[in-house]
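My notes follow in the order I took them.

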Amino acid sequence: MKIVNLGESNTVLNRFVAELRDVNIQHDSLRFRRNIERIGEIMAYEISKDFAYSEKNIPTPLGIAPMNTPDNQVVISTILRAGLPFHHGFLSYLDNAENAFVSAYRKYKDRLNFDIHIEYIASPSITGKTLIVTDPMLATGSSMELAYEALLTKGAPAHVHVASIICSKPALEYLKKKMPENCTIWIAALDEGLDDHSYIIPGLGDAGDLAYGAKL
Ligand SMILES: O=P(O)(O)OC[C@H]1O[C@H](OP(=O)(O)OP(=O)(O)O)[C@H](O)[C@@H]1O
Ligand SMILES: O=c1cc[nH]c(=O)[nH]1
Ligand SMILES: [Mg+2]
């Protein structure tokens, strides 16, 4: 397993993450969604450096241009709801990828305890493919673990990329144990811990609500 924290380098990515976190900026939901999307675009570009490439002869109006292009069959998979703008960012750059969607939500038994429910999955076969599972937040890591388990009912991927924006240290430790050896975890920030409601501290709050509004 490999872990890549893109936030460790000083790039414009860190400004997009800062804007997601900033209470004075994050309530602009259009900007919030677009920043998640922009981070998806950057992460897709970074992950594409891990793909397998082969040379193809591309016909131009004036001749033949030898070009190295990727050969991986990619499936971008997203955990609803907060994953949607992230998914779109990935799809902007990996536009010939296939797509999968999984629903995961926290059902609170009381203020502190919850189960995660997976009720919906729409996915092509993932056998032999490069599976990218995207979700902007990894708090306990349970939604990612359960979504990945649900996706395994659709085949055995050749490689798995977990792509997230803010990951808590406990979630990273948890996923190191739960995800397979052929997995790379990509994050943009590693935060210290969780509050008693299992929200990431300092985190950004509720990504789904900030992107799409409060739910009942
Ligand atoms: O690592 P975990 O402890 O499982 O928490 C992370 C999950 O929480 C968020 O979704 P949420 O359940 O808030 O649903 P939403 O996107 O519909 O708001 C986030 O997008 C993850 O799916
Ligand atoms: O910090 C958190 C935890 C779960 N879901 C979120 O959107 N944020
Ligand atoms: Mg969710």
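I looked up β10 and strand β12 (residues 166-168) and found two bridges joining them, in parallel. Strands here are DSSP runs of E of at least two residues, helices are runs of H or I of at least four residues, and both are numbered from the N terminus. I count two strands as paired if DSSP finds at least two bridges between them. Met-137 has Ile-166 as its bridge partner in β12. The open sheet has three strands, ordered β10-β12-β14, with parallel pairing. β10 and β14 (189-191) are at the edges with a single partner strand each, so each has one side without a neighbour in the sheet.

**Ground rules.** This is a predicted model, in which local features need pLDDT of at least 70 and side-chain atom pairs count only at pLDDT 80 or more, while totals for chains, interfaces and linings use all residues. Residues are numbered from 1 along each chain as its sequence is written, and chains are lettered from A and ligands numbered from 1 in the order in which they are written.

**Seven-stranded sheet.** I then traced the open sheet of seven strands. Its order is β1-β13-β11-β9-β4-β5-β8, and the pairing is mixed. β1 (2-5) and β8 (121-122) are the edge strands, and each pairs on one side only. Four bridges hold β1 to β13 in parallel. Lys-2 has Thr-184 as its bridge partner in β13. Strand β13 (residues 183-187) pairs with β11 in the parallel sense, over four bridges. There, Val-160 stands opposite Cys-183 of β13. Strand β9 (residues 130-134) runs parallel to β11, with five bridges between them. Val-160 turns up again as the β11 bridge partner of Leu-131. Five bridges also join strand β4 (residues 74-80) to β9, again in parallel. Ser-77 has Val-133 as its partner in β9.

Is β11 enclosed or open? I call a residue buried if 20 or more other C-beta atoms, placed from the backbone, lie within 10 Å of its own, exposed if 12 or fewer do, and partly exposed in between. Strand β11 (residues 159-163) has four of its five residues buried, so the rest of the structure largely encloses it. β13 is mostly covered too, with four of its five residues buried.

**Helix α3.** Helix α3 (residues 83-93) packs on the sheet and touches β4 and β9. Contact means C-beta atoms, placed from the backbone, within 7 Å. The direction of α3 makes about 165 degrees with that of β4. Axes are lines fitted to C-alpha atoms, for helices over the stretch in contact, and angles run from 0 to 180 degrees between N-to-C directions. In α3, I found Gly-83, Pro-85, Phe-86, His-87, Gly-89, Phe-90 and Leu-91 buried. The buried residues pack against α2 (29-48), β4, β9 and α6.

Most residues other than glycine have a negative phi, and most peptide bonds are trans. I listed the exceptions I came across. Leu-80 and Arg-81 are joined by a cis peptide bond, with omega about -5 degrees. Arg-81 sits in the loop between β4 and α3. The bond from Ile-201 to Pro-202 is cis as well, with omega near 0 degrees. Pro-202 belongs to the loop between β16 (200-201) and α6 (207-212). Ser-198 has a positive phi, near 60 degrees. Ser-198 lies in the loop between β15 (193-194) and β16. Ser-198 is partly exposed, with 17 other C-beta atoms within 10 Å.

**Ligand 1.** Which residues come nearest to ligand 1? Of the 22 around ligand 1, they are Ala-82, Ala-139, Thr-140, Ser-143 and Gly-208. Near means a C-beta atom, placed from the backbone, within 6 Å. β6 (105-108), β10 (137-138), α4 (142-151) and α6 each give two or more residues to the shell. The largest share, three residues, comes from α6. The shell has eleven nonpolar, six polar and five charged residues. Ala, Val, Leu, Ile, Met, Phe, Trp, Tyr, Cys and Pro count as nonpolar, Asp, Glu, Lys and Arg as charged, and the others, Gly among them, as polar.

**Ligand 2.** Around ligand 2 I found Ala-82, Met-137, Ala-139, Tyr-199, Ile-200, Gly-203, Asp-206, Ala-207 and Gly-208. This shell divides into six nonpolar, two polar and one charged.

Methods:
Contact = placed C-beta atoms within 7 Å.
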